[in-house]
Amino acid sequence: MYTIESRVRFSEIGEDGYLTIPAIVNYFQDCSTFQSEELGRGIEFLKDHKRVWVLNAWQIMIHRRPRLMEEIKVSTWPTGFDGLYGTRNFKLETKEGEMLACANSIWVYMDVEKGRPVKAGEEEISVYAAETPLEMEYAPRKIAPPKDGKIFEGFYVKRDQLDTNHHMNNGQYVKSALEYVPDAFSVRQIRVEYKKSAMYGDHVIPKLRQEDNKITIGLCSEEGKTYAVLEMIGE
């Protein structure tokens, strides 16, 4: 298990003074990135080997969002490697060990030159020690996109939304989708299935469908292709 400690910053809170959901996603992403970098399997290693781990799906459960200045710790660990896929858990806790949020993630190992999934070799994964998965109710990887619902004008992908792979950063899909969620909807679980990478200048069109305590949002291209589907369970 790899752990980082921090304190909730003013730049990470919303109007209510609590850590935002996109900030939670960023903490999880940063924690796994730090682990890979320290193990020598980070960005430069992957670039040299023309490989990249692509996030395929998130399942994030939110128990309580911490307040400004609250001391927190973020942990992550791989839970398995199976052919083309790798799985990884995350947890966000208080300094005293209270569980604030936890997550499961599914990753695909990609050959950058050929643009297709490949099996990770021993050199790529030997430094990672798979550990016992979290005890949580695991949801399916796939999410059915909304067939109907409210369609918004959307937005164009900006440069500051890109990552080192020149794609829209994983967390930016979550941040963008939350802009269309009603203020009164309190998210307790969020799932994301990534289907197609959005690039700089792409026009992303959200389609939202709400059924009681569930909101499904499809982030789509002008041609109708789906970049990502998000499902949010709230109260």
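I looked up the salt bridges first, and in this predicted model I found that the structure holds 14 of them.

I then turned to Lys95 and Glu71, whose side chains meet in a salt bridge at 3.2 Å, N to O. Lys95 sits in the loop between β4 and β5 while Glu71 belongs to strand β3, so this pair ties together parts that are 24 residues apart in sequence. I noted that Lys95 counts as exposed at 54% relative accessibility, whereas Glu71, at 30%, counts as partly exposed. I also saw that Arg7, Glu71 and Lys95 are linked in a network of salt bridges.

Next I checked Lys142, which forms a salt bridge with Glu193, with the closest N and O atoms 3.4 Å apart. This pair links distant parts of the chain, since Lys142 lies in the loop between α3 and β7 and Glu193 in strand β9, 51 residues apart.

Last, I looked at the second largest pocket, which holds about 1000 Å³ of space. Of its 32 lining residues, Thr20, Ile21, Pro22, Arg65 and Leu178 are the closest to its centre, and the largest share of the lining, 7 residues, comes from α1.

Terms used: Residues numbered from 1 in each chain as written. Predicted model: local features only at pLDDT ≥ 70, side-chain atom pairs only at ≥ 80, totals over all residues. Heavy atoms only, no water. 1 Å grid on protein atoms, 1.4 Å probe; cavity = no way out; pocket = protein on both sides within 12 Å on 5 of 7 lines; lining within 4 Å. Points joined across faces, edges and corners; volume = space filled by probe spheres on them. Helix = DSSP H or I, 4+ residues; strand = E, 2+ residues; numbered from the N terminus. Salt bridge = Lys/Arg side-chain N within 4 Å of Asp/Glu carboxyl O. Buried < 20%, exposed > 50% of the residue type's maximum accessible area, 1.4 Å probe, protein only.
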